[in-house]
Amino acid sequence: MDVFSDLFTDYTLRTVALGSAVIGVVSGVLGSFAVLRRQSLLGDAISHAALPGIVVAYLVTGSKASLVLVLGAAVAGWIGTLVVMTIVRSSRVKSDSALGIVLSVFFGVGLVLLTFLQRRPDANQAGLDKFLFGQAAGLVQSEVLTMAALGGIALAFVILLWKEFKLLSFDRGFGESLGFRMSVVDVVLTTLLVVAIVLGLQTVGVVLMSAMVVAPAAAARQWTDRLVVMVALAALFGAVSGVGGAVISSSTARIPTGPTIVLCASAIVMVSLLFAPNRGLLWNRLRGARSRRRLRTEAVLADLYALWGQHEDLDHAHPAAVLETMALNRGGVAGALDELASRGLARSADGGWMLTSEGLRVARKLHGERFESGIPLQEGAT
Amino acid sequence: MSQPQLEIQLIAVITAVACALPGVFLVLRRLALLSDAISHSILLGIVLAFFVTRDIASPALVLGAAVVGVVTVALVELLNRSGRVREDAAIGLVFPFLFSVAVILISRYAGTVHLDVDAVLLGELAFAPLDRVILAGWDLGPRVAYLMGAIFVVNVAFILLFYKELKLATFDAALAAALGFSPVLIHYLLMSLVSVTAVGAFDAVGSILVVALMIAPPSAAYLLTDNLGRMVLLAAMLGALSAIGGYWTAHFLDASIAGSMASAAGAIFALVFVFAPGRGLLAAARRRSTQKLEFAQTMLAVHLLNHEGRPEQPEESRVDGLHRHLRWDQGFLSQVVRSAARRGLVVEQGQELVLTDDGRAAARRTLVL
């Protein structure tokens with residue numbers, strides 16, 4: 001396919017795809033911890049809170065170099081996180097409100113600074129676009145290299161502090177008791193999350209960066225119960241979303257990259273939710289239906305057995321209506337009888353139903369398994 | 001003040017109060033971030049309704065936004081109830097998805113018409129007075145004022161009519177269900193109001209800053225009172241204050257009005273957070289230091305009682321040696337001794353500190369003797 005060969009030959013596409021992949025990997029890895037720690041929306045708050053940092057960094061240095069702006073964004077995002085923690089710890093305001101306040105107020109302050117800077121009240125549009133929605137197409141190779149270097153450092157920290165982060169995510173108290181300074185570990189992990197988010201801001205944009213933190217991790221969670229596997233899968237899903245979004249948006253006219261990346265990630269989440277082995281909702285549905293059918297069939301078999309017990313005659317037919325009155329839910333009786341017949345456990349004759357000898361054996365076995373003490377199946381079923 | 005200035009402030013105040021009213025219940029029900037989710041995803045509703053009506057001023061846009069807002073909440077609950085993702089992750093999955101769809105639709109199909117995503121996200125109050133309702137040649141005022149006014153009235157009416165139900169469903173959903181009020185119905189009604197309010201406000205302040213107006217004033221009010229009625233009134237007042245304060249800040253800085261309103265709301269919250277009587281940082285610090293001093297006085301009394309009438313008493317109750325026995329620093333000890341003497345728990349007799357009857361009684365009470 002053309003697009004895939006372009007991926008290796010076209011400079012812009014290659015740069016954008018690589019950059020998006022780096023973002024996907026880093027935010028997937030750090031997002032895994034955020035999702036496990038129920039801090040999914042911290043990413044949203046951090047990305048919004050970064051705006052004043054970017055403006056101030058620009059104001060102070062006068063430079064639009066991405067490293068300077070990233071630094072400013074990181075500091076502001078970090079302060080925002082700290083404010084959230086302080087509000088939650090020392091007042092009764094809950095974390096959702098604290099996140100909401102930090103997110104919107106920091107963003108508001110950033111907007112004021114930005115418009116103040118530009119000295120005109122309608123300056124919203126100038127420069128903010130890039131921050132809000134990202135501008136993947138504007139990525140250049142040097143920026144991708146910066147991102148890869150910073151992302152690599154963040155990932156190295158994750159590998160070095162793997163054990164500590166795992167403890168923090170699953171059993172903070174236990175970690176504390178082992179002598180780890182969990183509050184320090186917490187700050188380090190949160191700082192890395194800030195780095196991951198800030199890296200993605202100029203490509204994916206503020207609004208959608210939170211999705212890059214949550215979606216790959218939430219998808220990966222469906223496939224496994226092991227942290228290593230989850231983190232690796234989240235990195236993979238993040239990378240696939242990034243490259244996929246870049247490729248799709250480059251091959252279709254007028255489709256922005258950031259939202260396309262998010263849609264790719266959302267699609268992966270949907271597939272994972274439905275089809276992941278074990279946790280997949282589809283399998284869950286099927287399993288539920290199968291066990292409901294088994295229970296219903298066995299109940300009818302037990303009823304036939306109870307009826308047999310009154311005559312001890314395998315050729316005595318019992319009308320389906322009798323079985324329907326005996327069943328808790330009369331709807332499924334006909335289907336259950338058909339299934340019993342197809343398995344050779346029951347047969348119909350003389351306008352009624354009866355056990356086969358094989359059916360009698362199975363029913364006895366089931367009966368014996370469940371009522372070893374010999375309690376009759378249905379007392380007084382006359 | 002010129003007429004546009006007055007009109008802008010009026011719109012700002014109505015918007016802020018209209019946002020603060022449902023915000024109270026979002027904060028109390030720990031659903032604050034649903035407002036963030038709704039305010040973003042309603043963009044999809046606006047876009048879809050716009051495709052149908054081709055009119056940016058059509059009331060159908062509000063309706064479409066409200067529907068998508070409720071759909072957002074329903075999707076979050078669906079994901080949450082599936083047990084596969086937690087609520088915070090569910091919110092973080094749903095709204096970026098809906099928002100992305102909206103942005104892609106806009107950039108692909110609506111590029112030629114006026115539907116500006118920035119305007120939705122950021123809003124611009126300064127332009128609000130330009131869009132006016134003109135009926136039979138009469139200028140009846142800015143359109144946004146009517147829209148927000150109507151939403152404000154609906155919000156007030158909802159809270160007045162369903163005050164009891166809202167209170168019950170917020171503080172004890174199980175009891176509400178047992179008494180036959182449907183907490184689910186109340187929940188969705190509230191969420192519809194949040195959606196309608198958010199879409200009305202996006203014109204004025206944009207969808208990101210709607211969150212500030214919905215969450216910050218009610219959170220500040222939450223730190224000031226334990227009474228729901230008072231919290232609603234306080235939230236409305238603080239919201240109005242943010243609007244006016246924000247407007248004038250923007251006026252003097254020549255900066256974005258919406259951003260200034262959000263900043264003002266944040267500043268008010270910060271002030272309340274530090275200075276609130278009873279719950280503020282300062283009040284808490286003062287309470288802690290009072291408690292520390294009182295506890296220390298009791299410990300001092302217990303220590304003195306412990307050694308009273310024993311051979312070691314002269315040594316153990318020497319004023320200049322006590323800090324060693326109690327392991328306190330000398331400054332703290334003299335502060336404790338001074339305040340204990342003032343309360344009449346101890347008296348100094350020469351070198352020794354001696355318990356009074358009151359002090360002895362206090363120590364015995366502590367030791368449950």
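Select helix α3 (residues 42-61) of chain A together with helix α11 (residues 206-223) of chain A: the two pack at an angle of about 150 degrees, with axes 8 Å apart. Here axes are lines fitted to C-alpha atoms, for helices over the stretch in contact, and angles run from 0 to 180 degrees between N-to-C directions. Helices (H or I, at least four residues) are DSSP runs numbered from the N terminus. The angle makes α3(A) roughly antiparallel to α11(A), a term for angles over 145 degrees.

This is a predicted model, in which local features need pLDDT of at least 70, side-chain atom pairs count only at pLDDT 80 or more, and totals for chains, interfaces and linings use all residues. Residues are numbered from 1 along each chain as its sequence is written, while chains are lettered from A and ligands numbered from 1 in the order in which they are written.

Now show side chains between the two helices. A:G43, A:D44, A:S47 and A:H48 of α3(A) meet A:V206, A:M209, A:S210, A:V213 and A:V214 of α11(A); residues are in contact if their C-beta atoms, placed from the backbone, lie within 7 Å. By class, four nonpolar, four polar and one charged residues form this contact. Ala, Val, Leu, Ile, Met, Phe, Trp, Tyr, Cys and Pro count as nonpolar, Asp, Glu, Lys and Arg as charged, and the others, Gly among them, as polar.

Next, go to A:R38, in the loop between α2 (11-36) and α3 of chain A. A:R38 is not a glycine, yet has a positive phi of about 60 degrees. It is partly exposed, with 14 other C-beta atoms within 10 Å (20 or more would be buried, 12 or fewer exposed, and partly exposed lies in between).

Move on to A:N278, in the loop between α13 (257-275) and α14 (281-311) of chain A. Phi of A:N278 is also positive, near 75 degrees. With 11 C-beta neighbours inside 10 Å, A:N278 counts as exposed.

The mean for chain A is 85, and 90% of its residues reach 70 or more. Over residues 120-126 of chain A the pLDDT is below 50.

Finally, select the side of chain B that touches chain A: 57 residues of chain B contact 56 of chain A. The largest share of that side, 13 residues, comes from α4(B).

Methods: Angles under 35 degrees count as roughly parallel, over 145 as roughly antiparallel, 65 to 115 as roughly perpendicular and the rest as oblique. pLDDT is the predictor's confidence in each residue, from 0 to 100.
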